[in-house]
Amino acid sequence: MYKVMIVDDEYPARNMLDLLINWEENGFEMAAKAENGKQALEIYEKLRPELLITDIQMPVMDGISLIREIRKENPKQCVLVLSCHESFDYAQQAIRLGVRDYLIKDMLTTEQLQKCLLRTKEYLDLQNSSGVLPPPKFPAGKGTRPGHSADLSSLFLQGGTAHGQAEQLSSERGLRQSC
């Protein structure tokens, strides 16, 4: 079983994730919850969960800062972002920090979360067995969001003109700029 820590300043969001699926059946155990990045960092130091699921925008310390701090200590830390923000800047920063997935809260279904956890478990299993880490996979499909398709994520990472192309592609796919 892989330990999971959820970081979100919204109490309902933290609990929704806990209740949305049976974590144990998916190979995970809910080990901790935190309401901001600073609290999460303190818990992380003691617990060292294999999976961190974090919101982006939180008081005290935001999710991007939390990921940066954890990456200093553990560059291989597996991170999923769960946010209500579909902002290009947030998605671009998260991708640059090597998150495994970027999920949108108000569109998240049990099926999406289970598929994401399956991919994440496969990644963690591979990491544990070989030490070789595959690059993050961002599957395309219905409900695709920033960072969820190779063409869109590569445009985010390029910045400049490519960023404009990413905005256009995202607009064509019906993505909002922010929640």
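Author: Start with Asp125, which counts as partly exposed at 31% relative accessibility. Buried means under 20% relative accessible area, exposed over 50%, and partly exposed lies in between (1.4 Å probe, protein chains only). This is a predicted model, in which local features need pLDDT of at least 70 and side-chain atom pairs count only at pLDDT 80 or more, while totals for chains, interfaces and linings use all residues. Residues are numbered from 1 along each chain as its sequence is written, and side-chain values use heavy atoms, with hydrogens and water left out.

Reader: With which residue does Asp125 form a salt bridge?

Author: A salt bridge is a side-chain nitrogen of Lys or Arg within 4 Å of a carboxyl oxygen of Asp or Glu. For Asp125 the partner is Lys121, with the closest N and O atoms 3.0 Å apart. Lys121 is partly exposed, at 26% relative accessibility. Both residues lie in helix H5, four residues apart, which is about one turn of the helix.

Reader: How are helices and strands assigned here?

Author: They are DSSP runs, numbered from the N terminus: helices are H or I runs of at least four residues, and strands are E runs of at least two. The protein has seven helices and five strands. Along the sequence they follow the pattern β-α-β-α-β-α-β-α-β-α-α-α.

Reader: How many salt bridges are found in the whole structure?

Author: The search finds nine. One of them joins the side chains of Glu111 and Lys115, at 2.9 Å from N to O. Glu111 and Lys115 are four residues apart in helix H5 (residues 110-130), so about one helical turn separates them. A network of salt bridges also links Asp8, Glu10, Asp55 and Lys105.

Reader: Which parts does the salt bridge between Glu73 and Arg48 tie together?

Author: The side chains of Glu73 and Arg48 meet at 2.9 Å, N to O. Glu73 lies in helix H3 (residues 63-73) and Arg48 in the loop between helix H2 (37-47) and strand S3 (51-54), so the pair ties together parts that are 25 residues apart in sequence. Glu73 is partly exposed, with a relative accessible area of 40%, and Arg48 is partly exposed too, at 37%.

Reader: Is Thr54 buried or exposed?

Author: Thr54, in strand S3, is buried, with 1% relative accessibility. Contact means heavy atoms within 4.5 Å. Leaving aside neighbours within four places in sequence, the residues in contact with Thr54 include Val7, Gly63, Leu66 and Val81.

Reader: Which residues touch the most other members of the largest nonpolar core?

Author: A nonpolar core is a set of buried Ala, Val, Leu, Ile, Met, Phe, Trp, Tyr and Cys residues joined through side-chain atoms within 4.5 Å. The largest one has 23 residues, and those touching the most other members are Met5, Val7, Leu52, Leu66, Val81 and Tyr102. Its largest share, four residues, comes from H3. A second, separate core has 20 residues, among them Leu51, Leu103, Tyr123 and Leu124.

Reader: What do the values for the whole protein say?

Author: Of its 179 residues, 49% count as buried. Among contacts with a separation of 6 or more, 65% come from residues 24 or more positions apart. The protein exposes about 8600 Å², of which carbon and sulfur atoms supply 50%; accessible areas come from the Shrake-Rupley method with a 1.4 Å probe, and for residues only the protein chains shown count as cover.
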